[in-house]
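Here is a briefing on the fold shown below. Please keep the sequence and the model open while you read.

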Amino acid sequence: MIDRSTYHAWHGITPMGEFLAESDPDMFLVGGDGSYAVDQAGRRYLDARSSMWNVTLGYSCEPVKAAMRRQLDELPSGTVMRYEHPPRVTVRYAAALAATLPPTLRHIRFGNTGSQMTEAAGMLSRFHRRMTGETGRDRIIAVHGSYHGTGPLATALTGEQILHEWSAPLDDRVVHVAGGDELLDAVAGVVDRLGASQVTAVIVEPVMGNYLHAASVDQLAAVIGYCRARDIHIVADEVTTGAGRVGAMTVSERLPEPPDMIVLGKGVSAGYFPLAVLAVADPIYDALAEPPFRLGFPNGSTTDGHPLGAAAGLAVLDILTADGFLDGVRDRGRQLCDILRDTLADDPHVGDVRGEGMLLGLELRYRDDGTPWTVRDVYRLRLACRDNGLLTSYSDGVMPLLPPLTISTDECAELAAILGKTITAYAAEHLGAR
């Protein structure tokens, strides 16, 4: 336990009283090596959550660190927010990243976080409407259960009602609909009710990060086709799925028609520098490159396109695009799935393992009635895993597993073994016959 009177940092979404009760100065992280983080007491943790799902290349990726060191010596800071002197490395990175995306999405805006860039996507859609004379189009459709970050618009886009209630007032022009097999009908229902002339965009996650529910290519393609016929922008939030996490640069590249915007974050810098991306399609960019009122898109911040982030991004891109790397992520993800299923096959509290690449979800169900574990039980299981040397995430009925893309076969086996013994011990102590 940490003494509240001597701890001055206020951080995270966990109430600080709970954090102070569960943490200890010896647990503060001071180092990392490969797939492991190291705390002040010298204890090593296999990190099955990649910090916050973003340390995709582990904690000791020398090419990324070396690129950042070189950039510090060459140009340690710069801006793309105003003026005519962008950092050269940032321009180079934009071109290199654009070459990996669907052909129509070759215009890159940089930011610091996924939340910032999902908000930028919604604001850009609305700005485009105003600059092209469609001032009434300001409604955005999002999905129940989705997560798009925090902020007046990002929280409103997020499909978590409790966040809306406790963070209000938020942007009030967002409408939420059911996802899954109902997505197309739900979107069409809102458009029919409001009229396409009121709707500017639909935002979707190819895989809903909180619950690891994936939309099929056919579902996404159908929604894109429906919206494109009505000139409604489609925004793909690939903050989690992009940059190699599912064994591809994006899920969007699999679609017959790409979205109008893609948001990337987390893995684009492998977590080594705050960096996020908004890729924009030609029609939106072309309409705003020379706007009628000489007004550029008024969105951004001082550190957008920071040269250190661009240098890190270029180094990460070199790794992701190397021959066989993304194929290896898909193969290792299937291997981890198989190891988890084999190791946990006899545990009555474990359902399926779902997902692809290194974006997996372990279903947890009470053995008496098969209902999903409460988020509280998954949270407490996370703490027990931590005490056994494994860092994991938690959600309602699901334990998300997002280790580094570079995790080894032996580390996959270690991950499964720790999970197996921890679930057994936790269930025996806390769940009884349930």
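Strands β10 and β11 (residues 261-264) run parallel and are joined by three bridges. Strands, like helices, are DSSP runs numbered from the N terminus: E of at least two residues for strands, H or I of at least four for helices. Two strands pair if DSSP finds at least two bridges between them. This is a predicted model: local features need pLDDT of at least 70, side-chain atom pairs count only at pLDDT 80 or more, and totals for chains, interfaces and linings use all residues. Residues are numbered from 1 along each chain as its sequence is written, and side-chain values use heavy atoms, with hydrogens and water left out.

**The seven-stranded sheet**

- Ala236 stands opposite Ile262 in β11.
- The sheet is open, with seven strands in the order β4-β12-β11-β10-β7-β5-β6 and mixed pairing.
- β4 (107-111) and β6 (174-177) are the edges; each has a single partner strand, so one side of each is left without a neighbour in the sheet.
- From one strand to the next, the twist averages 20 degrees. Axes here are lines fitted to C-alpha atoms, for helices over the stretch in contact, and angles run from 0 to 180 degrees between N-to-C directions.

**Strand β7**

- Six of the six residues of β7 (residues 199-204) are buried, so the strand is largely enclosed by the rest of the structure. Buried means under 20% relative accessible area, exposed over 50%, and partly exposed in between, with a 1.4 Å probe and protein chains only.
- β7 pairs with β5 (residues 139-143) in the parallel sense over three bridges. Val199 in β7 is the bridge partner of Arg139.
- Four bridges join β7 to β10 (residues 233-237), and these two strands run parallel. Here Val202 stands opposite Ile234 in β10.

**Helices on the sheet**

- Helix α5 (residues 114-131) lies across β4, β5, β7, β10, β11 and β12 (276-280), at about 25 degrees to β12.
- Helix α10 (residues 282-289) packs on the sheet and touches β4, β10, β11 and β12. Its direction makes about 85 degrees with that of β12.

**Helix α3**

- The 13 residues of α3 (residues 62-74) should span 18 Å at 1.5 Å a residue, and its end C-alpha atoms are 18 Å apart, which agrees. The expected span is 1.5 Å times one less than the number of residues.
- Val64, Ala66, Ala67, Met68 and Gln71 are the buried residues of α3.
- Their cover includes α4 (88-98) and α11 (307-320).

**Helices α12 and α14**

- The axes of α12 (residues 325-343) and α14 (residues 409-431) come within 9 Å and cross at roughly 30 degrees.
- In α12, the residues that meet α14 include Leu336, Ile339 and Leu340. On the α14 side, Cys412, Leu415 and Leu419 are among them. Contact means heavy atoms within 4.5 Å.

**The three-stranded sheet**

- A second open sheet has the order β13-β14-β16, with antiparallel pairing.
- β13 (350-356) and β16 (398-401) are its edge strands, each pairing on one side only.
- β14 (residues 359-364) and β16 pair over four bridges. Val398 in β16 is the bridge partner of Glu363.

**Arg49**

- Arg49 lies in the loop between β3 (44-47) and α2 (50-53). At 21% relative accessibility, Arg49 counts as partly exposed.
- Pro404 is 355 residues away along the chain, yet the C-alpha atoms of Arg49 and Pro404 are separated by 7.7 Å.
- Beyond its neighbours within four places in sequence, Arg49 is in contact with Arg382, Leu391, Thr392, Ser393 and Leu402.
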